[in-house]
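This report walks through one protein chain, residue by residue. Please keep the sequence and the model in view while reading.

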Amino acid sequence: MRVVGTSTAGPVSKLGFTEGQVVLELGYDDDVDDELRSQIEEVVGGRLEDEDYEEVVDAVLLWWRDNDGDLTDALVDALVTLEDTGFIVLLTPKVGLAGNVDPSDVAEAADTAGLHASVSVNLTPEWSATRLVAPKTARR
């Protein structure tokens with residue numbers, strides 16, 4: 001695994017990103033953290049794929065704001081192209097910022113989608129990240 005020379009390399013790797021992974025990015029908008037995106041690309045050694053990508057992926061990077069719609073539906077949709085051992089990193093604005101998502105809403109949506117949080121990290125001043133995985137007993 002390559003290590004990025006920035007303070008977020010540890011947290012980016014802690015979320016499960018490793019060299020060689022294919023990462024699908026959903027929810028991109030003008031408020032995303034471009035530096036974080038670049039750090040993930042450096043760790044995985046390639047560009048993030050957009051919503052038009054139709055192959056199986058190792059991970060999904062999902063930027064989500066309170067007004068983006070139904071989080072459960074978005075998580076279920078993200079699972080469609082996800083490899084059996086893959087994971088979703090859900091990025092939400094931090095508490096007190098516009099678009100922040102209540103942690104209980106994240107927990108409920110993840111549970112309904114058959115996922116659970118395995119790691120939570122404060123990656124940037126604006127965004128929190130939660131790594132969501134299918135329980136080992138429920139892997140497809």
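Arg 37 counts as buried, at 15% relative accessibility. Here buried means under 20% relative accessible area, exposed means over 50%, and partly exposed lies in between (1.4 Å probe, protein chains only). The areas come from the Shrake-Rupley method with a 1.4 Å probe, and for residues only the protein chains shown count as cover.

This is a predicted model: local features need pLDDT of at least 70, side-chain atom pairs count only at pLDDT 80 or more, and totals for chains, interfaces and linings use all residues. Residues are numbered from 1 along each chain as its sequence is written, and side-chain values use heavy atoms, with hydrogens and water left out.

Helices (H or I, at least four residues) and strands (E, at least two) are DSSP runs, numbered from the N terminus.

## Salt bridges

The side chains of Arg 37 and Asp 34 form a salt bridge at 3.8 Å, N to O. The term requires a side-chain nitrogen of Lys or Arg within 4 Å of a carboxyl oxygen of Asp or Glu. By this rule there are 4 salt bridges. Asp 34 is partly exposed, at 43% relative accessibility. Shared partners join Glu 25, Asp 34 and Arg 37 into one salt-bridge network.

Arg 65 pairs with Asp 31 in a salt bridge of 2.8 Å, N to O. This pair links distant parts of the chain, 34 residues apart. Arg 65 sits in the loop between S2 and H3, while Asp 31 sits in the loop between strand S1 (23-26) and H2. Arg 65 also bridges to Asp 68, at 2.9 Å, N to O.

Asp 31 is partly exposed at 34%, and Asp 68 is partly exposed at 32%.

## A negative surface patch

Which residues gather in a patch of negative charge on the surface? They are Asp 50, Glu 51, Asp 52, Glu 54 and Glu 55. Patch members have over 30% relative accessible area and no salt bridge, and like charges are joined within 9 Å. Asp and Glu count as negative, Lys and Arg as positive; His and the chain ends are not counted. A charge is placed at NZ of Lys, CZ of Arg, CG of Asp or CD of Glu.

Glu 54 lies in the loop between helix H2 (34-44) and strand S2 (57-63). Glu 54 is exposed, at 71% relative accessibility.

## Two buried loop residues

Thr 81 occupies the loop between helix H3 (71-79) and strand S3 (82-93). At 18% relative accessibility, Thr 81 counts as buried. Beyond its neighbours within four places in sequence, Thr 81 contacts Leu 24, Glu 55, Val 56 and Val 57. Contact means heavy atoms within 4.5 Å.

Val 101 is in the loop between S3 and H4. Val 101 is buried, at 8% relative accessible area. Leaving aside neighbours within four places in sequence, Val 101 touches Trp 64, Arg 65, Asp 66, Thr 92, Pro 93 and Val 106.

## Helix H4

Ser 104 belongs to helix H4 (residues 103-112). Ser 104 is partly exposed, at 45% relative accessibility. Ser 104 and Glu 49 are 55 residues apart in sequence and 29 Å apart in space, C-alpha to C-alpha.

Methods: Patches are made of residues with over 30% relative accessible area and no salt bridge: like charges are joined within 9 Å, nonpolar side chains (Val, Leu, Ile, Met, Phe, Trp, Tyr) within 5 Å.
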